[in-house]
Amino acid sequence: LIMPLAMTGAPSRFITSSRPLHCSRVLRLMVKAKASSSSRNSGGGGEPEDYHPWGSPPQRDLKKFRRIIAALYLIGGTGHALDFIGKGPFTTMGDATTFAALTPTQQLATVLWATLGPAASLGLTGDKAWGDAALVAVAILDAVGGFSGALGEAGTSAGAAQVAALAAYVYFARRAREDDEKQNNQ
């Protein structure tokens with residue numbers, strides 16, 4: 001406990017105090033030390049006040065969205081991988097109890113989700129262009145399969161969720177691109 005407090009720049013009387021340090025007190029000390037450190041550094045050099053490691057607000061929103069979708073696609077890909085052993089969404093909700101008993105379209109969707117879901121997740125967490133492409137591919141394939149009825153009874157709701165995800169991605173990506181263009185023109 002002493003090492004983190006010493007690193008915050010908290011006065012030594014707080015570090016050696018005989019009073020017990022509760023988490024809330026430690027957090028207050030850390031915030032106070034950070035605030036005093038920021039006010040000392042604001043006079044020259046350092047980062048500008050609006051600096052954020054994830055970029056401007058539109059950039060941050062896109063990164064946050066990518067992180068959320070990455071987690072969901074990893075869960076979805078893992079869930080569909082369970083269809084290979086008869087414990088996934090297709091095999092538990094429909095008449096089929098094994099991967100072999102699924103329709104060819106459901107088998108293809110299972111293979112695509114089991115591979116593209118984790119791949120998209122990996123690419124999205126790394127802010128890679130191929131992660132964005134995998135997101136778009138999964139969303140389009142799931143939406144087409146869902147609305148066509150080829151994915152079974154839950155396909156329509158899955159398709160609607162993918163349309164919402166794709167629309168949100170387009171919105172955040174467009175805002176981030178417009179912000180980049182605005183910053184480049186200044």
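I started with L72. L72 counts as partly exposed, at 48% relative accessibility. Here buried means under 20% relative accessible area, exposed over 50%, and partly exposed in between (1.4 Å probe, protein chains only). The model is predicted: local features need pLDDT of at least 70, side-chain atom pairs count only at pLDDT 80 or more, and totals for chains, interfaces and linings use all residues. Residues are numbered from 1 along each chain as its sequence is written, and side-chain values use heavy atoms, with hydrogens and water left out.

L72 sits in helix α4. Helices are DSSP runs (H or I, at least four residues), and strands are too (E, at least two), numbered from the N terminus. I then looked across to S121. L72 and S121 are 49 residues apart in sequence, and their C-alpha atoms are 8.0 Å apart in space. S121 belongs to helix α6. Is S121 buried or exposed? S121 is buried, at 7% relative accessible area. I listed its contacts (heavy atoms within 4.5 Å). Not counting residues up to four places away in sequence, S121 touches A70, A71 and L74.

**Whole chain**

Next I checked the overall make-up. The protein chain has 8 helices and 0 strands. Its 186 residues are 32% buried. I also looked at contacts between residues at least 6 apart in sequence: 52% of them join residues at least 24 apart.

**Nonpolar cores**

I looked up the cores. A nonpolar core is a set of buried Ala, Val, Leu, Ile, Met, Phe, Trp, Tyr and Cys residues joined through side-chain atoms within 4.5 Å. The largest has 16 residues, and F65, I69, Y73, L124 and L135 touch the most other members. Helices α4 (57–81), α6 (104–125), α7 (129–148) and α8 each supply at least two residues of this core. Which helix gives the most to this core? That is α4, with 5 residues.

Leaving aside neighbours within four places in sequence, I69 is in contact with L124, L135 and A165. There is also a second, separate core of 5 residues, which includes F90, A96, L102 and L151.

**α6 against α7**

I took this helix pair next. Two packed helices are described by the angle between their axes and the distance between the axes. The axes are lines fitted to C-alpha atoms, for helices over the stretch in contact, and angles run from 0 to 180 degrees between N-to-C directions. The axes of α6 and α7 come within 7 Å and cross at roughly 145°. The α6 and α7 crossing is left-handed (the near helix is turned anticlockwise from the far one by less than a right angle; clockwise would be right-handed). Among the contact residues are L112, W113 and L116 of α6 and W130, G131 and D132 of α7.

**Salt bridges**

I counted the charge pairs. The structure holds 7 salt bridges, each a side-chain nitrogen of Lys or Arg within 4 Å of a carboxyl oxygen of Asp or Glu.

R175 and D61 form one of them, at 3.1 Å, N to O. R175 lies in α8 and D61 in α4, so the pair ties together parts 114 residues apart in sequence. R175 is partly exposed at 26% relative accessible area. D61 is partly exposed too, at 25% relative accessibility.

R66 and D132 also pair, at 2.7 Å, N to O. This pair links distant parts of the chain: R66 is in α4, D132 is in α7, and they are 66 residues apart. R66 is buried, with a relative accessible area of 12%. D132 is buried as well, at 10%.

E181 and R177 meet at 3.7 Å, N to O. Both lie in α8, 4 residues apart, about one turn of the helix. E181 is partly exposed at 42% relative accessibility, and R177 is partly exposed at 45%. Salt bridges that share partners also join K63, R66, R67, D127 and D132 into one network.

**D179**

What does D179 lack, though buried? D179 has no salt bridge, and the nearest side chain of opposite charge, K182, is 4.5 Å away. Lys and Arg count as positive, Asp and Glu as negative; His and the chain ends are not counted. Not counting residues up to four places away in sequence, D179 touches S56, P58 and Q59.
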